[in-house]
Amino acid sequence: MAPSAVERPPPTTDSPPEWDDEYLDDAADRLAHNYDLARDVTIRDEPFELYGRMDMESRKHFLHPSISFAQHEVHEHLFVRRVDALYVAELEHLVDFCHDLADDWIEPDEEHYGTEFTVVLVPPVLTDDVRSFVEDFRDRTLIKFGYHGHYEINLVVTAPSDEELVASENADVRSAFATWESIERAEPGLLDLLKRRLQL
């Protein structure tokens with residue numbers, strides 16, 4: 001099946017797709033509770049076997065739900081790709097790709113709290129230079145000095161056949177891709193995820 005070229009995949013309420021890939025199917029099963037998932041998409045000439053999107057909104061009420069304030073929006077975009085080999089230069093290229101998406105996809109305003117772009121790459125082996133780069137990677141950008149929130153780029157690299165995974169510090173999605181490990185007994189719900197994103 002040829003990847004579909006899209007500028008920005010929309011959210012979907014359809015059942016999650018299936019992959020002809022046992023590892024991606026297992027990871028997608030873990031992600032499906034919180035993400036809208038799409039299979040085989042191409043975004044700006046970058047192909048991904050799996051794309052995930054999560055949108056959350058938080059607001060406080062005063063006396064009645066119709067009187068709301070402190071509304072915040074949090075978004076996450078997840079890009080997953082299998083690769084035959086992986087080098088640091090490819091990771092750097094995809095970080096630049098995420099910065100370009102941030103410029104066009106984020107609508108900065110007072111309600112935008114944060115957007116996360118998480119890239120997950122699945123090579124046959126996890127090399128030392130890739131491991132070191134991902135472990136040390138941090139990329140958080142304030143928008144208008146934080147008045148319009150921020151965006152963050154996270155990296156995850158996993159070699160499932162070796163049961164190895166490395167992730168940047170704030171890549172909360174890492175446990176979904178460590179399919180050889182038991183996931184948290186009490187999976188975080190949307191409220192828990194929102195609290196993490198808002199650092200409450």
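Buried means under 20% relative accessible area and exposed means over 50%, with partly exposed in between (1.4 Å probe, protein chains only). The model here is a predicted one, where local features need pLDDT of at least 70 and side-chain atom pairs count only at pLDDT 80 or more, while totals for chains, interfaces and linings use all residues. Residues are numbered from 1 along each chain as its sequence is written, and side-chain values use heavy atoms, leaving out hydrogens and water.

First, the overall layout. The chain has 5 helices and 8 strands (DSSP runs numbered from the N terminus: H or I of at least four residues for helices, E of at least two for strands). Along the sequence they come in the order β-α-β-β-β-α-β-α-β-β-β-α-α. Of the 200 residues in the chain, 46% are buried.

Helix α1 covers residues 22–31 and is mostly tucked away, with 7 of its 10 residues buried. Among them are Y23, L24 and A27. D29 also sits in α1, but D29 counts as exposed because its relative accessibility is 55%. Where α1 starts, a side-chain oxygen of D21 comes to within 3.0 Å of the backbone nitrogen of Y23.

Next come the salt bridges, each a side-chain nitrogen of Lys or Arg within 4 Å of a carboxyl oxygen of Asp or Glu. The whole structure holds 10 of them. D21 pairs up with R82, the closest N and O atoms being 2.5 Å apart. Since D21 lies in the loop between β1 and α1 and R82 in strand β4 (residues 64–82), this pair ties together parts that are 61 residues apart in sequence. D21 is buried at 15% relative accessible area, whereas R82 is partly exposed at 35%.

R39 and D20 form another salt bridge, with 3.2 Å between the closest N and O atoms. This pair links distant parts of the chain, with R39 in strand β2 and D20 in the loop between β1 (4–6) and α1, 19 residues apart. D20 is exposed, at 74% relative accessible area. D20, R39 and D40 are linked in a network of salt bridges.

D40 lies in strand β2 (residues 36–43) and has a positive phi of about 55°, although it is not a glycine. D40 counts as buried, at 13% relative accessibility. R44, likewise not a glycine, has a positive phi of about 50°. The side chain of R44 meets that of D104 in a salt bridge (2.6 Å, N to O).

Note on methods: A polar contact is a pair of N or O atoms within 3.5 Å; within protein, one must be able to donate a hydrogen and the other to accept it, and residues adjacent in sequence count only if both atoms are side-chain atoms.
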